[in-house]
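Hello,

Here is the structure I promised to pass on to you. Please have a look at it first, and then read my notes below.

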Amino acid sequence: AGISQEKKVWTLKELIDYAISNNLTVKRSTYGVETSEIGALQSKMAMLPTLNANGNYGLNWGRTIDPTTNNFTENKVKSSNLGANSSLLLWNGFRLFYNMKQTELDLMAANEDLLRARNDVILGVITFYLNVVFNKELYNVAQLQLRSTQEQLDRTRKLVDAGSVPLADVLNLDAQLATNELNLIQRENALNLSLLQLKQALQLPSSTPMDVETPQLDLENELNINKTADEIFDIATITMPEIKAADLRKKST
């Protein structure tokens, strides 16, 4: 017999952290930032002057030419040479400078792309998480409705047996019970589907046992929004990383 997996109850923070660390788009954006960092460093290094040094040492004996007198000699001749040169690119200096500025803007845009990828993952996880919470609540309500109808049906049958109410009341409750049972099955299917979508967002196997923690919210305080729709839109256009990335790439061209 296989060993059953323990059902982990995930908090929203755990879901977001796990998704970000395993999402392929986030990883690709991270590599894009690293590549841009290398490009920016290379463009800065190209602005620096070069310095080269060289040297050699020679020892000859027997009949040879003395390099200092250019005459033949039978003695040992020692020779050494040291040299150094440095260069600084001036004519293309502006091209290198603008290339450096361009790579810096590209790096900033890559960082905004990474932030956008993270935000997309967070938004997706929150959406799937809320779907699970919503369907859990609907499933619980369906269970309560079914239980309530079943209890009412049991009481009504006793009353029918006692002759207090007509048989039609039992038949009506039987029909209501069947409707509640169907509704419970539909709510259970919706809950399982929302859990499957959440697992896919986290790239977890569909067979992974999972449950989520239901948040306790004070709606009166949490939904106190004191800004208009236009004000919220203006804030979004300033803070959204995809808009910043597009603006930075426009400046780098």
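**What I found**

Among contacts (heavy atoms within 4.5 Å) in the protein chain between residues at least 6 apart in sequence, 71% join residues at least 24 apart. Please keep in mind that this is a predicted model, where local features need pLDDT of at least 70, side-chain atom pairs count only at pLDDT 80 or more, and totals for chains, interfaces and linings use all residues. Residues are numbered from 1 along each chain as its sequence is written, and side-chain values use heavy atoms, leaving out hydrogens and water.

Of the 253 residues in the protein chain, 24% count as buried; buried means under 20% relative accessible area, exposed over 50%, and partly exposed in between (1.4 Å probe, protein chains only).

Now to the aromatic rings. The structure holds one aromatic pair. Trp-10 and Tyr-18 form this pair, which is edge-to-face, with 5.5 Å centre to centre and 80° between the planes. For such pairs, the ring centres (for Trp, of the six-membered ring) lie within 6.5 Å, and planes under 30 degrees apart count as stacked, over 60 as edge-to-face and the rest as tilted. Trp-10 is buried at 9% relative accessible area, whereas Tyr-18 is partly exposed at 28%.

Finally, Lys-136 is worth a look. Lys-136 counts as buried because its relative accessibility is 16%. Not counting residues up to four places away in sequence, Lys-136 touches Leu-191, Asp-211, Val-212 and Thr-214.

Best wishes
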